[in-house]
Amino acid sequence: MKHRGRHRRRKQGRAVRAFLAGTALALTAAATMISASQATVGDDPGALTPLTRAAETGAFRLQEQLVPQATLDELSSRMGKPVGVSAVLETADRSLRAANGCTTTERTALPVAPAATRAYCWDSADARGWRAGAVTTSGDADDDGWWNDNRVILSGWNEGAADRGLARVAFVDANDLAHLRYSSALLVVPVDGGRDYRALTSRLSGMVWYQNKLLVTAADGLYVYDMNRVQRATVDSAAVGRVGAGWAAHGQRFVLPAVGSYRLTGADGAPHLGGISLDRSTAPDSLVASERTAAGSDRPARLWRYDFSKDPARPGLLATGATGSAPAVDAYETDASGIEGVLSHRAGGADRAGWYVSRAPGSTDRHGSLWRQDTEGAEATRCGEENAPRCWGTRAGPLSYWEATGEVWSQSGRMLFAMPLSSIDRALD
């Protein structure tokens, strides 16, 4: 998908990529060291088992349901003309601190190996009561890494109980990676024919910004948002929705109303959605997903993917059949439990994709683990005197690959961080 401003940006490309691939961030010893006693050897999840029978793959089928255009038009007529991403970035008045300005406690959430080359901590006052979840970037939105004239990181947050609390997205201005600033929008769902909206109650464990759409996880599928349909809130209130003559968003300046959803139709066999991410190494581009299971569970988890539509009239939506159904085009079973983040990427001329999964810490572990699996086996990043695999973040968060820079972005605790995918692969070899 091409966006305005790309041609005049081409001359910036080489310098931008050099900046983004700059020298590794020097993190303190507190951020990168744990003792061998804190790292225990986790169970090797082994090779992936392909799922090919219709009875197995049918559990992943999604049914598309788009919000009627009349409903979206009604909401816009009442709230005012929708604005875009740039309008949110223009109000960015919250700052992320660079790693050397973060507390020792905050930095201990970072991976031990490989070390992050970029790391930031969130505004403490703004993050109070909220928990960081999914991450996606303008590197997902467009293959050159830009959204119009901006580089952007989106960070998902939840307030309250999982799958029942509020969900918001922080729009991070990443044009200057030395000074990240952000503003947030509350995720909502239109109701009453567009005359009101309600909060999205979903655990944001997964989020992908592809073309002009943002897909986020929900308890039973995915919600879809149009990044060109951001609406301004007009009332500063803890309420959500229409308030008298105005519109409230629980104190946020903006709301992002859903334009559609995908519901899992596999009944009892349907998985609990965990992480999602974009894979540009397939043709067409695809959305990959992981099943959410408890850390230490003996039950196998599943990994699978959907194709994105190639229809120019359906930008950012999944490929569906005549009935609006989106089937999984690739699916596997894994013995990995507690998967929080998933990434699939076929490097160079590889004949199969490697599946990267970040796993939550076990009950006796401080750090989680990061594994790369395929149909032949599994390897983990390792650290410490015991060469143990518990080397990832203390909260094994999402995985999002920014293809234009070669970096993987993630979150752990209140730390946002990145590192080259190549450094992860070297640590796995």
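## Basis of the description

Helices (H or I, at least four residues) and strands (E, at least two) are DSSP runs, numbered from the N terminus. This is a predicted model, in which local features need pLDDT of at least 70 and side-chain atom pairs count only at pLDDT 80 or more, while totals for chains, interfaces and linings use all residues. Residues are numbered from 1 along each chain as its sequence is written, and side-chain values use heavy atoms, with hydrogens and water left out.

## Overall composition

The secondary structure of the protein comprises 10 helices and 29 strands. Of its 429 residues, 57% count as buried; buried means under 20% relative accessible area, exposed over 50%, and partly exposed in between (1.4 Å probe, protein chains only). Among contacts (heavy atoms within 4.5 Å) between residues at least 6 apart in sequence, 66% join residues at least 24 apart.

## Helix α5 and its surroundings

Helix α5 spans residues 69-79, and Thr-71, Leu-72, Leu-75, Ser-76 and Met-79 are buried in it. Seen down the axis of α5, these buried residues fall within an arc of 135°, so they line one face of the helix; the arc is that of the directions from the helix axis to the C-beta atoms. An α-helix has 3.6 residues a turn, so residues three or four places apart point the same way.

Ala-70 and Ser-77, on the other side of α5, are exposed. The packing partners of the buried residues of α5 are the strands β9 (181-191), β10 (196-199), β14 (231-232), β16 (246-249) and β17 (254-264). Just after the helix, Gly-80 adopts a positive phi of about 110°.

Strand β15 (residues 240-243) pairs with β16 in the antiparallel sense over four bridges; two strands pair if DSSP finds at least two bridges between them. Arg-242 has Trp-247 in β16 as its bridge partner. The two strands form a hairpin with two residues between them, and Gly-244 in the turn has a positive phi of about 60°.

Strands β24 (residues 354-359) and β25 (residues 369-374) run antiparallel and are joined by five bridges, with Ser-369 in β25 as the bridge partner of Arg-359.

## Gly-221 in strand β13

Gly-221 lies in strand β13 (residues 221-226) and is buried, with a relative accessible area of 0%. Leaving aside neighbours within four places in sequence, Gly-221 is in contact with Val-216, Tyr-262, Leu-264 and Leu-273. Gly-221 and Thr-265 are 44 residues apart in sequence, and their C-alpha atoms are 9.0 Å apart in space.

Two cis peptide bonds may be located in loops. The bond from Ala-113 to Pro-114 is cis, with omega near -5°, and Pro-114 is placed in the loop between α7 (104-107) and β5 (118-121). Ala-283 and Pro-284 are likewise joined by a cis peptide bond, with omega about 0°; Pro-284 belongs to the loop between β18 and β19.

Positive phi values also occur in residues other than glycine. Asp-192 has a phi near 55°; this residue is in the loop between β9 and β10 and is partly exposed, with a relative accessible area of 43%. Gln-211 also has a phi near 55°, but is found in the loop between β11 (207-210) and β12 (213-218) and is buried, with a relative accessible area of 15%.
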